[in-house]
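This briefing covers selected features of the structure shown below, grouped by topic.

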Amino acid sequence: MELNEIRDRLDKLDTALVEVLAERQQLVHEVARRKALDGAPLRDLRREEDVLTRVVERSRDAGLDPFFMTRLFREIMGQSVRTQEVSAGREQALPGAPLRVGYQGTEGAFSELAGRRYFGPRGVEVSYRGYDTFQEMLEAVHDGELDYGVLPIENTTSGSVTAAYDLLSRMDLALVGEEIQEVDHCLLALEEVPLSRIRRIYSHPVALSQCGRFLGGLRDCHVEAFTDTAMAARRIRDEQDLSQAAIASEEAGRLYGLTIIKRGIQDQPENYTRMVIVAREQATFDRAIPCKTSLMFATRHEEGALLRCLSVLAERHLSMTKLESRPRPRNPWEYLFYVDFEGNLADPNVSGAIQAMTARASFLRVFGSYPARTGAEARQAEPRPQVSVASRADAQPAEPARSPAVLEKKAYTLASRLHRPEDTVIRVEAIEIGGRRPVIIAGPCSVESREQIRACARVVKELGGHVLRGGCFKPRTSPHSFQGLGYEGLDLLVEAGAEVGLPVVTEVMHPADVGPVAEKANILQIGARNMQNFSLLKEVGKVDRPVMIKRGLMASLDEWLGAAEYVLAQGNQMVFLCERGIRTFETSTRNTLDLGAVPVVRELSHLPVIVDPSHALGVSRWVSPLAVAALACGANGLMIEIHPDPEHALSDGPQALTFAMFEALMKRIG
Ligand code: PEP
Ligand code: MN
C-alpha cells in the first residue's frame, strides 16, 4: 500500500471512531434519563469496573496495550459521568445559551482549559472570556455580564489560592461546580534551542513557584513574573527572541506556535489545580449525584468554639475534605474558616448540619453544593485483576485479641496496643495497609533495567497486586556484588509504577538518602540489616512517608518493636513491619520464617505486619506455600520477589518467582 492510501484508511478509521463515540454518547443520555426516572444512583463503580475489565480482556486479545486502553476508557467514562450529571434534569436548567464563561488570564490559560472540560459535555454553545484579575472576573459574574466564572482555589503543589478565598468572602457569590485540572508545565520557546541558550523565562508567579527546582538548576537565566502563563507564551511569540522562554501549558504552546523544550518541569509530577465554578445563585443537584458542600464561618469567642462547629459534621457522619483559615477582615487575630465536606444540601442530614453549625458559629455563609470531583465517591474505577480477589477477605482470620500479652518493661510504648487499641491502617493512594484486605507487594529484588521493571510492574498490576517493589540501594554481603542502580534505578521504578498505577516501595540505607528517596518513592523500606541503624530510623521518622521495617536477622520481637518505636517517636506514625525470616541453626532454608511472630506482634502492637517469604526461604518453589500460610495466620499482606528471568537476575535469583509462579500464587490466595 502507498503511504497515501494508508493515511486515507487511517482517516476513515478515525472518522468511524468519532461516530462510534457519538453513538455512545446518545446511549449515555438515554441511560441518564432512565436512571433519573428510577431515581437510581448516578455512578455505579461496579459497572465501571466491569466495563474496564472487559476492555482489558478484549484489548489483550486484540494485541492492544491494556494499560493504555484503561487510561483511554477512563477518560471516556469520565466524560460519560459528566454527561449524565448534566442531562435528564439532574441539574437545574442552565441560563440561556450561549453561556458566557469567564476566567483569569489569556486564551490557553489553565483556568480556560478547566472551563472547557467542565462545560464541554453540556452540549450548549459557550463563549469564553479572559479577564486581567480574579476580581474583575468575579465582578462580571456578580453584575450578570457572565453566567459563570472559573476560579482556581487550590493546587496540590502550592496549596490554597488565598486571594480566591478572600474574594469569595467579600463578594456575594455561589459555587455550583468544581473541576480538577492537571497542570503540566512546559518550557516553551520559539524553536528547539538548547536549554543553556535560554537567558530569560517568563511565567505566572505561582507557576514559577511550582517549578522552583527546575529553575534553581539553571545558570545565568533571568526569571521574571508575568500576569499569566498563556500571556507569557504569547509574549515569546511576539518578541521573536530565541533566548527567551515561557512556562505554560502545552495548549498555550500550540496556540502561539511555540516549541516545547521540556515538559513536566514542575517540582511534583502530579500537579493538579482544583477550580470552582462560580455563579450568582446556588444550584440544586439530584441527591443521586455525590456532592460536596462549601461554606465559610467565624467562631464565637468561646473556648472550643472551632471544635464545636466542626464536630457537627462528625456527629452527622459528613466527611470534611478541606479546612482553610484566613484572616478575618477588620478583625485582627480573628479568622474565617472555609470548609468543604461531602454532602448535598438536598439531603436533610446536610441541611440539618448547616442549621446546627449556624447556631454554634458567630457567622456562617453557605456557598452551595456541587458535584464532587475529588473524594471517596469520585474515585476512578479499576479493572479487576486477572485472578479473582472476591474471596480474599475470607482468608483473613478472626480479629486478634485486643488485650496485650505480658506487660513488663518493654522497649516500646507508642508501638503498643496499650497506647492505641485500634489497628493502625496506613493509606497509600487508594490502598490500605492494615485494612480489611491483605496487601500484596511484589517486584524484583533489584531494579535492573527499564524493560525488567516495566515487565514486573505490568504483571503485578494485572494479577491484582497493590504495590511494586524494587531495590535500588542494595545491602549486599560482598562489595563486589551488584550494588543496585541507585537514583537512576529509583527513577525507573517510579516510572514503571506510574505507568500502570502502582505505588512503589524501595529500601533506603543511608540517612542522607532518606529525604531525596522520600520525594519519589511512596513507601520507604528499612532492610533487615539496618533494623537497628538508629540514625536511619530517626531520619525516616521525620518524613511524611510510610515506613516498612523488616525484622533483623537476629532480632527479638521486643527489639523489632523497639526499632518501630524509634520511627514513631520522631512523629511518623505510618509504620508497618515485615517478617522476613530469622537466623537459626537450620541451614536448609536461607532463613527460618517465624510465622509465630505474626499473631504475637499483631496482639502486642497496633502496627500492621506483613510477611516476606522470599528472603526467608531463599528457594522459589517454597515461597508460595509459606505465603499462603502467612495469610492464614493473620498477616496483613505479603512481599514477594518476582523476576522475568530468575536465572539471570542480578540478585536473589534463586528465590524469585517466575511470572507464571506468581500468577499461580495469586490464584491460590485469590
Ligand atoms: C530486600 O527486601 O530487598 C532485602 C534486602 O531484604 P532483607 O533486608 O529482608 O534482607
Ligand atoms: Mn532480595
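Ala 40 is partly exposed because its relative accessible area is 22%, where buried means under 20%, exposed over 50% and partly exposed in between (1.4 Å probe, protein chains only). This is a predicted model, in which local features need pLDDT of at least 70, side-chain atom pairs count only at pLDDT 80 or more, and totals for chains, interfaces and linings use all residues. Residues are numbered from 1 along each chain as its sequence is written, chains are lettered from A and ligands numbered from 1 in the order in which they are written, and side-chain values use heavy atoms, with hydrogens and water left out.

**Position of Ala 40**
- The loop between helix H1 (3–38) and helix H2 (45–61) holds Ala 40; helices are DSSP runs of H or I with at least four residues, numbered from the N terminus.
- Ala 40 and Gln 181 are 141 residues apart along the chain, and 29 Å separates their C-alpha atoms.

**Domains**
- Domain 1 covers 23–87, domain 2 covers 186–262 and domain 3 covers 400–474 + 483–669, with bounds from an automatic or database domain assignment.
- Taken over C-alpha atoms, the centres of domain 1 and domain 2 are 38 Å apart.

**Helix contact**
- Helix H5 (residues 134–142) packs with helix H6 (residues 162–170).
- Phe 134, Gln 135 and Leu 138 of H5 meet Ala 163, Leu 167 and Arg 170 of H6, contact meaning heavy atoms within 4.5 Å.

**Cysteines**
- The structure has zero disulfides, a disulfide being a pair of cysteine sulfur atoms within 2.5 Å.
- For Cys 221, the nearest cysteine sulfur is that of Cys 211, 12 Å away.
- Cys 309 counts as buried because its relative accessibility is 1%.

Definitions and conventions
Axes are lines fitted to C-alpha atoms, for helices over the stretch in contact, and angles run from 0 to 180 degrees between N-to-C directions. Helices (H or I, at least four residues) and strands (E, at least two) are DSSP runs, numbered from the N terminus.
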